[in-house]
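Open the model in your viewer and keep the selection tool ready. The stops below follow one another, each with something to select.

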Amino acid sequence: MAGSPFDNINPEVYRAYVFWSAVLLVKLFCMAPLTAFNRFKNKAFANPEDTNAISRKLKPKLDDPDVERVRRAHLNDLENILPFFVVGFLYLLTDPVPFLAINLFRLVAVSRIVHTLVYAVFVVPQPARFLAYMGAMGPTAYMAFQTLLHFL
C-alpha cells in the first residue's frame, strides 16, 4: 500500500508555508481598518447610520477615490491570497525542493504586501503595482502548474 502524500511533507517547508500564510492573513485583516481609516479621514461613509454618528449633515458617499482604491486592493487580495492558500498547500504535497518552495512562499507574501503599499497606501505609478502583482501571481501559477504535473 502506497503512503499518503502527507507523509512526504518536509517540516521546514510546511513551517514556511504556515508562517507566510499567517503573514498574509494578518495583511488581509489589516485591509478593513485601512478602509475605515480612509472613510473617517475623508468622511466618506457608505451608510446613513454611519454618517449620522458623525454628523447629521453628512450624506452617504460611495465614490471616494481613496476608499475605493483600498477596497479594490482588498478585493485583489481576496482574488489572489485565497487561491495561494490552496495552491501553496497542494504544492507541499509534491515534496518540492525546500529552498525553492520557501522562497516562493516568501515572494508571494512580500509581493502582496508591496502591492498594497504601492496601490493603496503610497500610490506609486505603474509598473510598480503590476510588478508586485506578478511577483505573487507568477510563483502561484508556477506552484499550480508543478502540482498539476506532479499528480498527472
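Which residue caps the N-terminal end of α3? Select D64: one of its side-chain oxygens lies 3.1 Å from the backbone nitrogen of D66, a polar contact (a pair of N or O atoms within 3.5 Å; within protein, one must be able to donate a hydrogen and the other to accept it, and residues adjacent in sequence count only if both atoms are side-chain atoms).

Before moving on, note that this is a predicted model, in which local features need pLDDT of at least 70 and side-chain atom pairs count only at pLDDT 80 or more, while totals for chains, interfaces and linings use all residues. Residues are numbered from 1 along each chain as its sequence is written, and side-chain values use heavy atoms, with hydrogens and water left out.

Stay on D64. Its side chain also meets that of K61 in a salt bridge, 3.7 Å from N to O; the term means a side-chain nitrogen of Lys or Arg within 4 Å of a carboxyl oxygen of Asp or Glu. D64 is buried at 5% relative accessibility, whereas K61 is partly exposed at 31%. Here buried means under 20% relative accessible area, exposed over 50%, and partly exposed in between (1.4 Å probe, protein chains only).

Next, select D66 and K41. Their side chains form a salt bridge of 3.8 Å, N to O. D66 lies in helix α3 and K41 in helix α1 (residues 11-42), so the pair ties together parts 25 residues apart in sequence. Helices are DSSP runs (H or I, at least four residues), numbered from the N terminus.

Now select R71 and E68, both in α3 and three residues apart, about one turn of the helix. The closest N and O atoms of this salt bridge are 3.3 Å apart. R71 is partly exposed at 42%, and so is E68 at 21%.

Then pick V70, in α3 (residues 65-92). Is V70 buried or exposed? V70 is buried, with a relative accessible area of 1%. Leaving aside neighbours within four places in sequence, V70 is in contact (heavy atoms within 4.5 Å) with M31, L34, T35, N38 and A120. The C-alpha atoms of V70 and L34 are 7.2 Å apart, although 36 residues separate the two in sequence.

For the last stop, select L117 in helix α4 (residues 98-121). L117 is partly exposed, at 34% relative accessibility.

Methods:
Helices (H or I, at least four residues) and strands (E, at least two) are DSSP runs, numbered from the N terminus.
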